[in-house]
Amino acid sequence: MFAHYDMTHFPSVHVNFNKNIDDQGFNDFLNKWKELYENKLDFNFIFNTRDMGYIPIKYCLQMALFIYHLKQEPKQYLTYSQIIVDNIYIHNLLYLVFNIQRPVSPVQILDCYGELLSQL
């Protein structure tokens, strides 16, 4: 499983990623996100990318397209996101995704100590 969703602190949804990404795991990650929208309840994300491994560029493009489609929804239930990053490669991939497609809600990119790296 590429992404583990922890809903115990809802409306804060914690998502922890691991090194093993494949098409099925990535699609499961996106489908779980869609399910949160189907619930029609406001929520926020805390993404932990510290254990994330190499991510092929194709997933950045798929993520940008996913965000584009989310923006077409009549209501945005995602209120904000925090993304914990301690790898320059992952930080650069986020930069790429958000340059292709702006996020649906405010995003803070934090280092592993909680220090703000950037804000979108």
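How many nonpolar, polar and charged residues does the lining of the largest pocket have? I count five nonpolar, one polar and five charged. Ala, Val, Leu, Ile, Met, Phe, Trp, Tyr, Cys and Pro go down as nonpolar, Asp, Glu, Lys and Arg as charged, and the others, Gly among them, as polar.

I note that this is a predicted model, where local features need pLDDT of at least 70, side-chain atom pairs count only at pLDDT 80 or more, and totals for chains, interfaces and linings use all residues. Residues are numbered from 1 along each chain as its sequence is written, and side-chain values use heavy atoms, with hydrogens and water left out.

Next I listed the lining: K34, Y37, E38, K40, F66, H69, L70, E73, P74, K75 and Y77. The elements giving two or more residues to this lining are α1 and α2.

Then I checked helix α1, residues 23-38. Its 16 residues should span 22 Å at 1.5 Å a residue, and its end C-alpha atoms are 22 Å apart, which agrees. The expected span is 1.5 Å times one less than the number of residues.

I looked up burial (buried is under 20% relative accessible area, exposed over 50%, partly exposed in between, with a 1.4 Å probe on protein chains only). In α1, G25, F26, F29, L30, W33, L36 and Y37 are buried. They fall within an arc of 140° seen down the axis, so they line one face of the helix. Q24 and E38, on the other side, are exposed.

Last, K40 follows α1 and has a positive phi, near 60°.

Conventions:
Helices (H or I, at least four residues) and strands (E, at least two) are DSSP runs, numbered from the N terminus. The arc is that of the directions from the helix axis to the C-beta atoms. On a 1 Å grid over the protein atoms alone, a cavity is a set of points where a 1.4 Å probe fits but cannot get out, and a pocket is an open set with protein on both sides within 12 Å along at least five of seven lines; lining residues have an atom within 4 Å of a point.
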